[in-house]
Amino acid sequence: MSTVVHPAPPASIPCDEHVLPLIARRPVAWYALAWLPLLLLVPIVGTIQDGHLGQLLALLLLAAAHLVTTLMRDRLGPGRRTEVLVAASTVMVAGYQVLWSEHQVFLYPLLALGMAVGIRRRTAMGFVGGLAVSGAIAAGFTTGSLADALVFAVVTYMAGISAHLIDVLAETAAALRATQRRLARTAVLEERERFSRDLHDLLGHTLSLIVVKAEAVRRFVPVDPAAAAEHAHGIEDIGRTALGEVRQAVAGYRETTLEDELEAADAALTDAGVQVEVTADAPTLPPAVDRLFAWVVREGTTNILRHARARTVTVLVESDGGEATVEITDDGSAHGRADPGRQQERGPARPGSGLSGLRERAELLDGVLAADRTENGFRLGVSVPTGEGTTP
């Protein structure tokens with residue numbers, strides 16, 4: 001996978017719970033509690049004016065039960081305890097109607113709010129619906145008006161379903177906030193992996209070139225100062241180029257092409273005394289495949305310069321039958337380079353961070369990476385499907 005331009009994400013409203021107002025963090029509790037004084041104001045004032053202390057005590061007990069139900073639900077969620085409190089509130093409302101038979105239009109919506117808040121969600125609206133129907137029937141018999149009964153049912157059911165919907169929306173918002181945090185963490189991890197792969201590919205290759213140039217300087221200083229100075233100038237150019245590429249990589253804008261990497265590999269390996277044969281017999285590759293092959297050539301060249309004491313290297317790029325292949329082979333395991341400063345043996349063939357990065361890039365394009373020994377050396381290759389639509 002090559003480094004591409006990552007556009008800045010659009011500005012969004014922060015979803016962290018800590019920056020939201022309290023009423024937005026606990027909408028269910030606020031909604032259920034806000035209706036408590038509104039629904040009980042008229043009954044309480046009426047009972048005080050009439051001097052009915054029993055009614056007043058019953059209304060205060062009902063208010064206390066609703067308050068405790070809402071607060072307990074806010075802390076622990078709906079469960080057995082809150083359902084017991086809702087059952088107690090139902091008994092109090094039923095007893096109030098038996099004893100005094102008034103204030104139904106205020107008490108039934110309050111009880112519906114308590115049911116929507118305190119009963120577990122899978123059954124809450126069933127209880128609210130039953131309450132609305134039973135209350136409408138009772139109101140119809142009491143008033144003798146079908147219109148009053150229907151209005152009573154609608155008011156009671158709307159009170160319950162509004163609290164229920166707010167509860168669902170609050171839970172959905174919490175899930176979205178959690179998902180956003182997970183996606184943010186995942187994006188950071190993916191960007192770190194991408195940046196790690198790119199820096200490995202870039203700096204590993206560049207530092208290998210600098211080492212080769214430095215060894216050439218060391219060899220030529222005693223016998224050919226002019227050639228040594230030329231290689232030293234090459235080190236300076238490579239350093240400047242690497243600095244620019246690192247800056248571009250940090251900014252996220254660096255691109256690499258197969259043609260550029262083939263030229264760079266030819267120059268670097270030739271400077272290291274390696275005979276290079278490049279065969280590029282392929283049509284114009286899709287951009288993603290071209291970038292992948294460029295990384296393969298870069299990684300293969302870097303590994304040869306670092307670990308192999310090769311004399312010849314062959315680079316083959318071809319495309320046929322909807323599949324493109326790049327292959328780099330060398331004879332590093334059979335021959336050694338005469339330079340004593342490069343006597344590092346190639347270790348066992350196992351995937352390092354560079355090959356792992358290439359494998360990940362290839363898998364993103366449904367490709368396959370092969371890195372193994374041959375009879376005369378080592379082979380690194382990648383094949384990816386390109387489709388039938390490529391043209392020369």
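Is E171 buried, partly exposed or exposed? E171 is partly exposed, with a relative accessible area of 45%. Keep in mind, as you explore these close-ups, that the model is predicted.

**View 1. E171 pairs with R121 in a salt bridge.** Let's start with the residue from our question. The closest N and O atoms of E171 and R121 are 2.6 Å apart. E171 belongs to helix α7 and R121 to helix α6, so this pair ties together parts that lie 50 residues apart in sequence. Side chains of opposite charge can pair when their charged atoms come close.

**View 2. D167 also forms a salt bridge with R121.** Here the closest N and O atoms are 3.4 Å apart. The pair links distant parts of the chain, with D167 in helix α7 (residues 146-220) and R121 in helix α6 (residues 121-143), 46 residues apart. D167 counts as buried because its relative accessibility is 8%, whereas R121, at 32%, counts as partly exposed.

**View 3. R379 and D372 form a salt bridge.** Their closest N and O atoms are 3.1 Å apart. R379 counts as partly exposed at 24% relative accessibility, and D372 is partly exposed too, with a relative accessible area of 28%. Elsewhere, salt bridges that share partners join R73, R121, D167 and E171 into one network. The structure holds seven salt bridges.

**View 4. E259, D260, E263 and D266 form a negative surface patch.** Look for D266 in helix α9, which covers residues 258-271. D266 is partly exposed, and its relative accessible area is 32%.

Definitions and conventions:
Residues are numbered from 1 along each chain as its sequence is written. This is a predicted model: local features need pLDDT of at least 70, side-chain atom pairs count only at pLDDT 80 or more; totals for chains, interfaces and linings use all residues. Side-chain values use heavy atoms; hydrogens and water are left out. Patches are made of residues with over 30% relative accessible area and no salt bridge: like charges are joined within 9 Å, nonpolar side chains (Val, Leu, Ile, Met, Phe, Trp, Tyr) within 5 Å. Accessible areas come from the Shrake-Rupley method with a 1.4 Å probe; for residues, only the protein chains shown count as cover. A salt bridge is a side-chain nitrogen of Lys or Arg within 4 Å of a carboxyl oxygen of Asp or Glu. Lys and Arg count as positive and Asp and Glu as negative; His and the chain ends are not counted. The place of a charge is taken as NZ of Lys, CZ of Arg, CG of Asp or CD of Glu. Helices (H or I, at least four residues) and strands (E, at least two) are DSSP runs, numbered from the N terminus. Buried means under 20% relative accessible area, exposed over 50%, partly exposed in between (1.4 Å probe, protein chains only).
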